[in-house]
Amino acid sequence: MRILNLRSSLLRGLSAGTAVATLATGLAACGGNSDAAGKSDGEAPGTVTVGAHSNGAAKETALKVSEVKAISAELPKTIAKKGKLVIGVGALPTGSVPLNFVGDDQKTLTGAEPDFGRLVATVLGLKPEVKNLTWENLFVGIDSGKVDTAFSNVTDTEERKKKYEFATYRQDNLGFEVPKKSTWTFDSDYRNLAGKTVSVSRGTNQEKVLLEWKAKLKKEGKDLTVKYYPDNNSVYLALNSGKIDVHFGPNPSIAYHTTHTANTPNATRSAGKFSGAGTKLQGLIAATSKKDSGLAKPVSEAINYLIKNGQYAKWLAAWNLSNEAVSTSKVNPPGLPLDNS
């Protein structure tokens, strides 16, 4: 999935959870090679710092992690020989908080995605080299071999499997946001939206989902009011003033906003989540490599090592994304089907 505000998630085979708020004011994007997220140059051996330079979007956390020889031994010889993992991030031109954006030092590409790429590279015994690209050039880079693997919120889809191989590491979720004082929760049941006024962005798959629920409720003799606003500031003014009850959007953007407002009079909270792939399939975000590159298996094993040993949970917690955790990383599991990818 790509994060891009007010764009249809159906474009280029993206999943339901694609539309996310763009960068906070004052953060600009960088191009080409980027300083690796965090403090890799100054870190002690065996340490990866996540959440650095995040401008309050994450809690900076130093994680102990080092190479696992049994896993790095499975790397393709060409990757092992060069000793580095080129990590692609499709954050140009603006990036998306909290997943990928230029940090408060105005040069470091930070965010949950490049942070996790660095963790995986360390387990593989490779030096991470982060390349910041446009979304389109991210895949061009993988195709050409200039990028080894992408950690860029890419959804596992059956269409993409024609060219790429996947190692999953996060759920692809939509989320519900309400004022902190609200007692409402989604509770995995669209019927709990009856009588509510909900905001959503036009042209997104979450709009499609919400309108389907509205139609179902109408057949049941109930109503759901859908509201549209031109930007996120307008959405949150409406939420804070009580003009809407719930905002429905991509879970990562909601995670960021709840973190950002936690200690303010306008604090909000997450009120539930819904799979970006719909009711029949849990959408999954995956590290993306060229098909038959041989990278998906060792990358997946590195992710499972991080899950088993606790660094994975601490990484998610640092970025307030714990509700997108997976219990295990899988190689090329069923993805968004061809008729919806």
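1. Leu 119 touches Val 48, Val 50, Leu 63, Val 65, Leu 306 and Trp 315, leaving aside residues up to four places away in sequence; contact here means heavy atoms within 4.5 Å. The model is predicted, so local features need pLDDT of at least 70 and side-chain atom pairs count only at pLDDT 80 or more, while totals for chains, interfaces and linings use all residues. Residues are numbered from 1 along each chain as its sequence is written, and side-chain values use heavy atoms, with hydrogens and water left out.

2. A nonpolar core is a set of buried Ala, Val, Leu, Ile, Met, Phe, Trp, Tyr and Cys residues joined through side-chain atoms within 4.5 Å. Buried means under 20% relative accessible area, exposed over 50%, and partly exposed in between (1.4 Å probe, protein chains only).

3. The largest nonpolar core has 47 residues, of which Phe 116, Leu 119, Val 120, Leu 124, Val 299, Trp 315 and Trp 319 touch the most other members. Among the elements that each supply at least two residues of this core are strand E2 (47–50), helix H3 (112–123), helix H8 (296–308) and helix H9 (311–318). H3 provides the largest share, six residues. Helices (H or I, at least four residues) and strands (E, at least two) are DSSP runs, numbered from the N terminus.

4. H8 has 13 residues and reaches 18 Å from its first C-alpha to its last, close to the 18 Å expected at 1.5 Å a residue; the expected span is 1.5 Å times one less than the number of residues. Its buried residues are Ala 296, Pro 298, Val 299, Ser 300, Ala 302, Ile 303 and Leu 306. The cover over these residues includes helix H1 (69–72), H3, E9, E15 and H9. Just after H8, Gly 310 takes a positive phi of about 95°.

5. How much of H7 is buried? Eight of the ten residues of H7 are buried, so this helix is largely enclosed by the rest of the structure. The buried residues of H7 include Asn 251, Tyr 256 and His 257, and they pack against E9, E10, helix H6 (232–241), E13 and E14.

6. Rings of Phe, Tyr and Trp (its six-membered ring) pair if their centres lie within 6.5 Å; planes under 30 degrees apart count as stacked, over 60 as edge-to-face and the rest as tilted. By this rule the count comes to 18 aromatic pairs. Phe 176 and Phe 248 form a stacked pair, 4.5 Å centre to centre with 15° between the planes. This pair links distant parts of the chain, with Phe 176 in strand E10 (residues 173–179) and Phe 248 in strand E13 (residues 246–250), 72 residues apart. Phe 176 is buried at a relative accessible area of 0%. One aromatic cluster is formed by Phe 176, Trp 184, Phe 186, Trp 213, Phe 248 and Phe 274.

7. Two loop residues may be set side by side. Ser 152, in the loop between strand E8 (149–150) and E9, counts as buried at 2% relative accessibility. Thr 279, in the loop between strand E14 (268–275) and E15, is exposed, with a relative accessible area of 68%.
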